[in-house]
Amino acid sequence: MRHEQHPLNEYRASTMTAAKTDEPLVRCENIWKTRGRNLVLKGVNLQARKGEVVCLLGPSGAGKSTLLRCINAIELADRGLVHVDGVPIGCALRNGSHVRLTESQLSRQRADIGMVFQNFNLFPHMSVLSNIIDAPMRIRRETRAAATHRAHELLRKVGLLDKAGAYPRHLSGGQQQRIAIARALAMQPKLMLFDEPTSALDPHLTDEVLDVIKGLAATGMTMIIVTHEIQFARDVADTAAVMSDGAIIEMGPARDVLSRPTDPRTKTFLARSLPDPQRQAV
Amino acid sequence: MSAHLALDTAETSTDMSKAPEIINPPRLGRWIGVILVGTVMAWIVYQALTNPGFQWDVVGRYLLDVGVLKGVAMTLQLTAIVMIVGLLIGIVVAVMRMSGDPLLIFCAHAFVWFFRGTPVLVQLVFWYNLAALFPAIEIGIPFGGPKFFEIPATVAISSFTAALLGLGLNEGAYMAEIIRAGLMSVDNGQSEASKALGHKPWHTFWVVVLPQAMKAIVPPTGNQVIGMLKYTSIASVVALYELMHSVELIYSRNFEIVPLLIVAALWYLFLVSILSVIQYFIEKHYSKGWQGQDDRGA
Ligand SMILES: Nc1ncnc2c1ncn2[C@@H]1O[C@H](COP(=O)(O)OP(=O)(O)O)[C@@H](O)[C@H]1O
Ligand SMILES: [Mg+2]
């Protein structure tokens, strides 16, 4: 399962090298961001075409989460623009300068971008079903019946149809994360962002979450995934980008970057992250 | 090796009688405690029954007196309105405090500083005597501009309004701190997840963050309500006809001070008991999703 290649990968890898004819779905250009006194992002450029899966790797503290959060305007960059589907995120051009949008305007942009967090962040006071249907009902003005119908469909896809009435606290981490993915998908986003979706899970629970993400990749969903699972990145990613110290130090077709890295920092990072061959044999 | 061990354990666990039973140590301290508490309670009951000073017949006569019942109604009404005002002010001030906007944070700080820092008694008397400071309440341009609307302050500020303002603003300052503590107890990831789904700020606050904060807000708020119920008696200084004032008026006529204080105490005790029950159910409501054992895997 883990070593199988999705047929879409071949296709995407070839379109990637093609001439720049169409606008990429996500385009981060020269993003700079400080946090306190730290310069966290130092002129990051990143693109993702429609249907492309980009895996973002790198040591902790590199700025991966910050970059992801700038893409859906949970945070706003100090300098540089993020475009999603051709629309600048977090600001609007007014009289020649880029002016920040209000929270209310930002929420409209965020609705089209799904995000999955390391700690799941399900709403603990709502049942699994309410977690999923709340946003589509409020924001998309869907009827309860329609939202519930699709919630059940999504729950079936992530294999948790029987948990609709449960509360998040009574589910395992892996189940919670699959619900969180279903919740994000219920908004029918055009882009999905994952911030270390399996880092908070026990090792034996990571596969059930990674399999759901792989299935999603096969449907052609555009995804940017921060992960430390190198093997998973090999399987699912078209493009791998390696970040270190606020900058992308290496980026290219996933198989090249992950198998024949050129940057010495990537080499040491990969060497440290690759699973122990003995552990894999078990 | 490990298989052998497992088999061993499986064999012994079938015979329960072989496992040593664990019993509790003798609890001498508890028995002494029971005797002490029992003695004190027996003395209290004995006093209550035999001491003629309690005058239970007078207590019985005034417990359901129309004047006292009116006082009870006013106490309940004032407590309810003051708590609602305090809760609303508290939410607004707490949100201002956490907004990140320097001006709003300053205003919230100033509000809490002033109304928590001055005695309620002073605030009550101040509002009641507002007429001395501002002879008329007017709406218009300040610093001597034109007036659009004007009423004399003595008309506007009744006993009830003064009590409401004094107690409500003070309560708002305390509630702001309780609500702020509650909001801070909710993990940041919750509002982030709500934002990421595309919820508007007010939805994130009312539907995602506040209900979770309620778990931490309800118990101290219950304390505040119970405290306020009794604290409304301070409004008797501005001649508001609440429970305490109603019994004061009666014992100033017939001098049956102790039995009438008992009447008031019994009513407060009864009302507080009801509030405690209500608090129990509200707490149960807001612990939805947290009930049951923490048995999740990872
Ligand atoms: N609240 C904060 N204040 C100041 N610096 C922060 C804060 N949060 C994170 N940082 C810094 O920002 C950098 C990038 O963080 P992050 O984007 O979370 O990295 P990653 O996700 O790659 O581990 C880190 O060096 C971290 O120390
Ligand atoms: Mg991170």
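These notebook entries follow the boundary between two domains of chain A in a predicted model.

**Entry 1, domains.** I looked up the domain assignment of chain A. Domain 1 covers 7–112 + 191–281, and domain 2 covers 116–189. I then took the distance between the centres of domain 1 and domain 2 of chain A, over C-alpha atoms, and got 24 Å. I noted that the contact takes 19 residues from domain 1 of chain A and 19 residues from domain 2 of chain A.

**Entry 2, buried area.** I looked up the area buried between domain 1 and domain 2 of chain A, which is about 1,500 Å². Carbon and sulfur atoms give 68% of that area. I asked which residues of domain 1 of chain A lose the most area to domain 2 of chain A. They are A:Ala111, A:Met192 and A:Val212, together 28% of what that side buries.

I counted eight residue pairs in polar contact between domain 1 and domain 2 of chain A, both residues at pLDDT 80 or more. The rule finds two salt bridges across this interface. I also looked at A:Arg140 and A:Asp112, whose side chains meet in a salt bridge at 3.0 Å, N to O.

**Entry 4, the side of domain 1.** I checked which elements give two or more residues to the side of domain 1 of chain A that touches domain 2 of chain A, and found strand S9 (191–195) and helix H7 (203–218) of chain A. H7(A) gives the largest share of that side, six residues. By class, I noted 14 nonpolar, one polar and four charged residues on the side of domain 1 of chain A that touches domain 2 of chain A.

Methods
Residues numbered from 1 in each chain as written. Chains lettered and ligands numbered in written order. Predicted model: local features only at pLDDT ≥ 70, side-chain atom pairs only at ≥ 80, totals over all residues. Heavy atoms only, no water. Domains from an automatic or database assignment. Contact = heavy atoms within 4.5 Å. Buried area = accessible area lost by both parts, 1.4 Å probe. Salt bridge = Lys/Arg side-chain N within 4 Å of Asp/Glu carboxyl O. Polar contact = N/O pair within 3.5 Å; in protein donor to acceptor, adjacent residues only side chain to side chain. Nonpolar A, V, L, I, M, F, W, Y, C, P; charged D, E, K, R; others polar.
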